[in-house]
Amino acid sequence: MRLHNLMKLAIGAVLAVGLGGITDARAEYPEKPITLILPLGAGGSHDRNARVFTSVIPDILGQPIIVKLMPGASGQTGTSAAAKAKADGYTLIFSHNYFDQLQKHVKKLPYDTDKAFVAVGSLNSGEFSVIVHADSQLKTWQDLVKFAKANPGKLKFAHSGNWGATHSPALQLFTEAGIADKIVMVPYKGGGPSMRGFLAREADFTFQFISTIKAQGPKVRVLISAGTKSEFKGTPTFKDLGYTADIGKMYRIILAPRGIPADRLAKLQGALIKLQGHKTYKRLIKAIGEKLEYINGPEYEKIRPMQSAAYKKMIDGLKMKK
Amino acid sequence: MFESFLGGFAILFNPETVVMTFVLMSTGLFLGMFVGALPGFTTLMALAILLPISFFIHPLLGIPFLLGVYKGGIYGGSIPAILVSMPGTGAAVATTFDGPALTKKGEARKALEIALFSSVTGDLTSDLITIALIGPIAAVALLLGPPELAAILMMALIVIAGTSSGVFVKGLLMLAVGLFLGMIGQDPIGALSRFSFGITEIEAGIPILPMLIGLFALPEIFVAIEKKATEIIDAASVKISGARLSWLEFKGCLRTIFRSTAIGTSIGMIPGVGQVVAAFMGYAAAKSASKTPEKFGKGELEGIAAAEAANNAVNGPTLVPLLTLGIPGDNLTVILVGAFIAHGLRPGPQLMEEQGPLVFAILIAMVLANILFIFIGYICIPLFAKVVTIRKSLLLPLTLVFAFAGTWVFRSNPYDLAILVIFGALGYMAKKLQFDVTPLAMGFILGQPLEYAFGQTVILSSGNLVSYIFLERPITAAIIVLTPLITYLMWRRSMRLRRQFGAEE
């Protein structure tokens with residue numbers, strides 16, 4: 001039965017992508033499918049999370065949410081399309097805090113994310129940890145900082161691409177630890193290749209998702225980890241060592257064009273809150289190794305300016321050194 | 001290891017699930033071929049949309065289903081490439097070099113058959129290699145890093161340049177243009193904008209699918225419109241049953257198929273390179289090894305065989321880094337990660353130890369999928385081949401619609417349509433001036449990973465490039481030393497061939 005429904009949904013999604021929606025905005029919202037723009041490519045963790053929650057949400061919202069992939073130009077292609085979309089609640093975007101608050105400090109963007117979007121909510125977050133090889137002489141994060149300060153340019157760090165989801169938090173962490181100019185940053189094309197580079201010992205350490213690290217077992221050692229409580233025994237969190245607690249947390253956020261009618265925004269937020277108690281959703285989200293940690297829009301709106309300020313400080317610091 | 005392998009058989013042939021496994025795998029193959037054949041719908045999109053299905057069913061049903069879509073999609077892309085010169089997926093680009101020419105000769109069916117048999121042979125062989133050598137392949141994946149990749153790509157480009165047929169300077173020029181086009185946008189290392197003139201839409205580079213559809217499909221349509229409809233394909237000569245592949249012809253391609261399989265398998269072992277590059281390298285190698293390189297690009301069966309065997313041969317080995325090291329080899333395998341972890345299976349070294357039999361069951365299913373692949377593909381070919389019997393006055397506008405619609409569904413970005421038209425015009429001009437666009441596509445596709453890998457190598461070397469390569473990366477050093485030697489041998493060979501057959505041209 002389940003499978004049958006999903007097939008229909010999949011076929012429906014193909015058709016909807018192909019044909020586009022037909023507009024009529026009289027009856028109660030939502031009375032046609034909602035489009036969720038992903039400014040990222042297929043197969044990443046955003047895509048995976050989107051597939052999970054959109055496969056359950058029709059039960060609550062009464063209408064499907066259709067994922068539309070618009071990758072390219074570090075998220076700018078999808079984000080600018082969403083920024084230009086009508087603020088009628090039928091176009092949303094599934095983004096993350098680095099596209100939302102960091103990018104504007106390093107690039108000239110054709111939109112202003114603060115003016116263009118309001119947060120519906122943060123679905124959950126991807127958390128990163130710093131890992132070294134199990135046989136590394138660096139036993140703790142403090143060891144690493146000390147070594148880097150004494151040997152500038154000796155340690156190599158593998159990340160998933162410039163200003164991407166592991167490059168940005170790593171720079172933030174290195175800046176706070178005072179080693180941003182002492183580390184060689186080696187870019188790889190995505191999280192997978194950066195892990196290969198690390199395992200092949202081309203790089204000494206890397207940032208990875210906690211779930212990816214768990215699959216590696218005893219080959220790697222975790223030095224420091226995101227979150228309020230460490231997932232790895234005997235390992236401190238960023239907060240424990242006095243760093244900004246948000247480092248290494250990639251919030252997967254749902255944004256709507258800012259002019260969205262208040263009742264529609266409330267309806268979406270209501271649906272997302274209800275989603276957290278949905279049995280199938282709970283099972284699936286656990287299965288893909290994520291957590292239920294929904295942050296509702298108004299609360300998340302408070303975090304946005306804080307993120308922006310922290311990123312700006314970090315970028316300014318990096319510019320000064322150059 | 002061997003115990004796990006036998007355990008895999010037991011799991012796969014569990015009487016309760018085995019029928020469903022094969023039914024779903026066949027469905028996946030058919031869906032994959034269908035989606036792959038639709039221009040603009042990539043295999044990646046199909047997998048992403050179908051992924052949730054695997055959340056709700058047993059991993060031994062869901063994962064083979066997705067693998068079916070994956071394999072079918074890579075082959076499916078070759079169907080429009082052969083019939084209307086429009087690559088259905090990126091992996092099929094190299095198939096547009098020879099496929100359409102065969103279609104024009106009324107040999108569409110033969111071309112589709114060689115594509116299918118090469119795909120399956122490449123896929124099957126590489127899957128068997130994967131199972132037999134799963135441990136060593138994992139080790140190789142770690143040995144081949146950015147420096148090795150850069151050296152291999154450099155060698156491929158030099159070989160392509162040195163052995164191009166036709167007017168040498170023209171080929172070289174197009175290759176250079178392709179390399180240049182590949183540099184437009186942000187540079188991969190420092191994210192500095194180059195030649196984009198502030199146009200945000202090409203900051204991330206020229207999108208490949210619209211460009212290639214424009215370059216290959218649009219000129220064909222324009223040229224066809226120019227001539228009288230009847231001259232393009234003599235409808236009477238293309239009977240649906242006509243011109244099938246003979247055993248002799250297939251045997252003639254076997255060398256090429258196995259060479260391409262070897263190339264595809266090696267490319268598949270390196271995470272993050274993928275089918276497109278493999279198809280190009282397979283094609284280039286076949287051309288430089290051929291006794292009649294001048295026939296390539298004009299409807300050479302071996303050309304299709306080379307590209308199709310190479311791109312499908314990538315499929316098996318890309319799974320190895322995923323299953324053994326937890327590193328997904330390409331975007332397609334990233335999606336498979338989702339299917340695995342939804343069932344609490346985390347691909348990585350732990351998985352192999354704890355769930356060895358299950359991993360092997362999936363790999364065995366992958367091998368058996370190839371048998372289904374042959375049947376399903378063979379049944380569908382007459383169906384697809386019928387496309388060429390559609391009247392030109394209907395087919396041409398339809399192809400044009402597909403070119404634009406395909407570009408649109410790719411990312412729903414209006415600028416992609418502009419790219420399509422610009423490259424359509426460029427391709428048409430090139431055709432009129434008798435410039436071959438193949439080297440341009442090769443330069444564009446191979447140049448980008450080369451630049452990235454070279455940049456990474458420079459960073460990794462901390463500024464001492466020479467000592468880094470010769471002291472720490474012996475494989476890279478070996479490839480660099482061999483490059484001029486191989487190029488010289490290839491060049492001498494092509495010169496000798498040219499002298500021998502030169503009079504005929």
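Chain A is split by its domain assignment into domain 1 (2–125 + 250–313) and domain 2 (127–247); such bounds come from an automatic or database domain assignment. The model is predicted: local features need pLDDT of at least 70, side-chain atom pairs count only at pLDDT 80 or more, and totals for chains, interfaces and linings use all residues. Residues are numbered from 1 along each chain as its sequence is written, while chains are lettered from A and ligands numbered from 1 in the order in which they are written.

Taken over C-alpha atoms, the centres of domain 1 and domain 2 of chain A lie 29 Å apart. Twelve residues from domain 1 of chain A and nine residues from domain 2 of chain A form the contact (C-beta atoms, placed from the backbone, within 7 Å). On the domain 1 side, α5 (97–106) and α13 (297–321) of chain A are the elements that give two or more residues. Helices here are DSSP runs of H or I, at least four residues, and strands are runs of E, at least two, numbered from the N terminus. α5(A) gives the most to that side, with four residues. By class, that side has five nonpolar, seven polar and no charged residues (Ala, Val, Leu, Ile, Met, Phe, Trp, Tyr, Cys and Pro count as nonpolar, Asp, Glu, Lys and Arg as charged, and the others, Gly among them, as polar).

Now turn to chain B. Helix α9 (residues 146–162) packs on helix α22 (residues 438–460) at about 150°, with axes 8 Å apart. Axes are lines fitted to C-alpha atoms, for helices over the stretch in contact, and angles run from 0 to 180 degrees between N-to-C directions. α9(B) is therefore roughly antiparallel to α22(B) (over 145 degrees). The residues that meet include L153(B) and L157(B) in α9(B), and L446(B) and F454(B) in α22(B). By class, this contact has 17 nonpolar, two polar and no charged residues.

Definitions and conventions
Parallel < 35°, antiparallel > 145°, perpendicular 65-115°, else oblique. Contact = placed C-beta atoms within 7 Å.
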